[in-house]
Amino acid sequence: MTERLPLPPRDANVEQTVCQYCTVGCGYTAYTWPVGGEGSLTDNALGDFSRPQPSRSGIPYTASMHNVVLRDGVPHHLVLIPANDSPINVGRNHSSRGVTNAASMYASDRPTRDRLQWPLLRVGSDLVPITWEEAVEIAGGVLAGVLEKHGSEGICAKAFDHGGGGGGFENNWAVGKLLFEGFQTQNVAIHNRPAYNSEVWGSRDRGVHELHYTAEDGHLCDTLVIWGANPYETATVFYLEHLLPNFRGETREEKRAAFPDEPESEVRWVVIDPRRSASLEVARSIAPDRVLHLRPAPGTDVVLADAIARAIHAKKWSDREFIANRTDAASWEAYQKGSLRTGVPYATAQAEASRITGVPVSDIEKAAEWMARPKKKNVRRRTLTLYEKGIIWNYRNYDTVAAVVQVSAIGGNLGRPGTGCGRQGGHQEGYVRPGYPGGRPPVNVDQLLIDGGGKAYWVMGTNPYRSTPRTSEFRSVIGRRTASLTTAIEGKGPVGTRARIDAILEGLAKGDGLFLIVSELYLTETTRDAHLVLPAAGWGEAQLTSINCNSRLLRLYDRFMDPPGEAKPDWWICQEVAKATRAALGAAPQAKQFTGWTFETAEDVFLAGGASFPDNVVSEEEAEGLPCECYRGVTYALLKERGQEGIATPVRQTDAGVVGTKRRYTHRFGSADGKLSWHAADPWAGYPAELERDVTGDGAKEHAFWLTTGRNVHLWQTGYHDRHLPTKTEQVPLPYVEIHPDDAKRLGIGDLELVEVYNRTGMVVLQARITEAVAPGQLFGLQYHWAGTSNALITRYTDPKTTIPWYKGARVGVRRVGPVSAGLQTSPRSPIDFGV
């Protein structure tokens, strides 16, 4: 245990960065200085520590904010504390994720020493270190051989497409340039789903990019709708600093200044979630009469959204001026007939919606009233809707997302301060790539690989053995196919790199073997089946840029330490493999696809990506049509100058310099004609065929529970860092499932005992947490944990319009296994304890 923390001296190196974890994008300041010197309690770079820090206004500095790392090969102290000048985490606030930023960095005397440091090559059952020269030659040689013999169809990949830790515009541009411009393959899946798709085409096709609101809108709204999101646990600082203060009445003066002529209104929240989340219960503890909780049956959110919109329309609360002037007239007519069902009597339509969703008609109408009924003097209500995985990973992804956006549109709640309908976000964003060479719906790459397709599979910065649907089946098939190739080349006795490449290509030609490359920070579950493992540099070890989701602030993440060993940034890895592939192709026609790889610095890659965006020397109104992430004209120097304030994308270039966009769709939408296009959803026809037996037939007796999935406040993604942090493993030592007390009693399950959760797709053993957070007959399973994942139970169903899985719905059975050892029963309860 650390009894005393060193303070940075006044001459310590000071760099700006942004938290590597969630969507919020809290600003951080990195202090580094050589080991051996430090500041005193009163003379240091932080402030006066001669007395205890004030509880709310003091400088937070704990053991998890300190580490000893290498910088330019020399041991340095590292201190990472919340920035005092960030517009996001005002007052140096932070979450349980951000507080461990320093602890997560590589250090030779901590569990993070498990970081990958050298390229590894599979030789039989072992992964042995090799040089980068050999690694990129093998990768390039094998990929070139596959491309020549099997074409782009032989190349498959699963890659990150985000910002934050390990991503950013720099790495994303290089990954896209390699896969789409070089290999020209459409067999690419995004890190947490089986295809290369947008989770929100249903919004973008309306002309509404999912990131268009600003944090300020959380201060100014009259009604906040949290739909399929849990910001307290997954966007903590955004919830505590930008949403909750408005609910508590702490932003009244800000509202009066922004809208001096508008009547004030009590702030109300509508929370739509099958579970009693922490986000809901915190608000309920403040003012339960101003919180409405709707719990739709799994997969029925599209029906609920259309029913709320029908109520708004029928009760004449819609914004008719907005609809007439800013939306497409032809699609509006189709939307009324289809989604709003105006040809069916109102009472009949609402009764059917209530029967399907399980939500009373009175609650549907109350939600409509709170979201759209004008205030006094007929002033439009300002409603901000935030949605996340509970919507985008729901049944009928496309129709559901479109329906939720259209509830906001029918009330005129887009493009005005205090309004919007967008994603909360999961991680920060940094998307910039050449165009995807495929179409819609995109290829289900997971299924392609399971069916024996593809010859080479490159996994970049993700862990599909934990993150993909049907993890057990996927891992089993990929493991068998990679082992088949390993067996095929055993005993060949290749001498030299070229001979090894030839042996691999010969082995691939004779069966369904698969050559697996993984670029990663650690040896994850997926790397254990890899033939080639490439060590990647992470957050803090390379310069990166990203935007956060709630305000689209583009900021620079400085490099403040060395990567471990020979680890390299992803853009560098892609560049070297591209060069090696071109060399291996020689005079082959595909060689010309691998040109333009002349990047010497991270900024070179950043600028190349920026140049791919459209011309942005445009007016403020025309800028509404620019891609959300457009940063053309921005340089690292500009970002250094702007610091934590950053610049909000999309940017436009003017005579006065580069100008950001605070709030989108004030003037027009992102469609070709600038008008919002309505979508008439397909009629409700029940559940997909592969689940119908479980919903209505005998399977419902065998599999008595509906399972939904999600995250825990303390863990991030698949736990790539967290599994190496004692504070995290102690907080959540096992993957768990929440079960209602009535169900637990009926099955004889005790709190924190182990249970087997199963269906025809898979089986996983989880720790039972007995809580009223879930309704009787429903379960909530932790999605990502190094010791198991509820993704093993997710069906093969994907939305036929988008190839997005239904992560949030599966029929399962539960069987008691028994107690766990006393040492693992110390896991704390969920943030909201219901006293069970």
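Trainee: Which residues form one aromatic cluster?

Mentor: Y395, W684, Y687, W706, Y797 and W806 do. Keep in mind that this is a predicted model.

Trainee: How many aromatic pairs does a search of the whole structure find?

Mentor: The search gives 31 aromatic pairs. One of the pairs is W132 with W572.

Trainee: What makes W132 and W572 an aromatic pair, and why is the pair called edge-to-face?

Mentor: Take the distance first. The ring centres are 5.1 Å apart, and the limit for a pair is 6.5 Å. Then take the angle. The planes stand at 80° to each other, and planes over 60 degrees apart count as edge-to-face.

Trainee: Where do W132 and W572 lie?

Mentor: W132 is in helix α1 (residues 132–150) and W572 is in helix α20 (residues 570–585). The two parts are 440 residues apart in sequence, so the pair ties together parts of the chain that are separated by that much.

Trainee: Is W132 buried or exposed?

Mentor: W132 has a relative accessible area of 7%. Buried means under 20%, so W132 is buried. W572, at 21%, is partly exposed, because the range for that label runs from the 20% limit to 50%.

Trainee: How do you know what kind of pair Y465 and F474 form?

Mentor: The steps are as before. The centres of these two rings are 6.3 Å apart, with the planes at 75°. The distance is within 6.5 Å and the angle is over 60 degrees, so the pair is edge-to-face. Y465 and F474 are both buried.

Trainee: Which residue lies over the face of W572?

Mentor: K568 does, at 5.2 Å from the ring centre. The distance limit is 6 Å. In the same way, K389 lies over the face of W393, at 5.1 Å from the ring centre.

Trainee: How many salt bridges are there?

Mentor: The count comes to 45 salt bridges.

Trainee: What makes K177 and E181 a salt bridge?

Mentor: Their closest N and O atoms are 2.6 Å apart. The rule asks for a nitrogen of Lys or Arg within 4 Å of a carboxyl oxygen of Asp or Glu, so the pair counts. K177 and E181 both lie in helix α2 (residues 168–182), 4 residues apart, which is about one turn of the helix. K177 is buried at 7% relative accessible area, whereas E181 is partly exposed at 30%.

Trainee: Which distant parts of the chain are linked by R275 and E738?

Mentor: R275 is in the loop between β10 (268–272) and α8 (278–286), and E738 is in strand β23 (residues 736–739). They are 463 residues apart. Their closest N and O atoms are 2.8 Å apart, and they form a salt bridge. R275 has 8% relative accessibility, so it counts as buried. E738 has 1%, so it counts as buried too.

Trainee: How do you know that R276 and E772 form a salt bridge?

Mentor: The closest N and O atoms are 3.9 Å apart. The limit is 4 Å, so the pair counts. R276 lies in the loop between β10 and α8, and E772 in the loop between β25 (763–770) and β26 (778–782), so parts that are 496 residues apart in sequence are tied together. E772 is partly exposed, at 31%.

Trainee: How do you know that the span of helix α19 agrees with its number of residues?

Mentor: Helix α19 (residues 497–509) has 13 residues. At 1.5 Å a residue it should span 18 Å, and its end C-alpha atoms are 19 Å apart, which agrees.

Trainee: Which residues of α19 are buried?

Mentor: T497, R500, I501, A503, I504, G507 and L508 are. They cover an arc of only 160° around the axis, so they are on the same side of α19. The buried residues of α19 pack against β5 (120–123), α1, α18 (471–489) and β15 (515–520).

Trainee: Why is N791 called buried?

Mentor: Its relative accessibility is 0%. The label needs a value under 20%, so N791 counts as buried. N791 lies in the loop between β26 and β27 (810–818). Residues it touches include R466, P469 and Y807.

Conventions
Residues numbered from 1 in each chain as written. Predicted model: local features only at pLDDT ≥ 70, side-chain atom pairs only at ≥ 80, totals over all residues. Heavy atoms only, no water. Phe/Tyr/Trp six-rings, centres within 6.5 Å; stacked < 30°, edge-to-face > 60°. Buried < 20%, exposed > 50% of the residue type's maximum accessible area, 1.4 Å probe, protein only. Lys NZ or Arg CZ within 6 Å of the ring centre and 35° of its normal. Salt bridge = Lys/Arg side-chain N within 4 Å of Asp/Glu carboxyl O. Expected span 1.5 Å × (residues − 1). Arc of directions from axis to C-beta. Contact = heavy atoms within 4.5 Å. Lists of a residue's contacts leave out its neighbours within four places in sequence.
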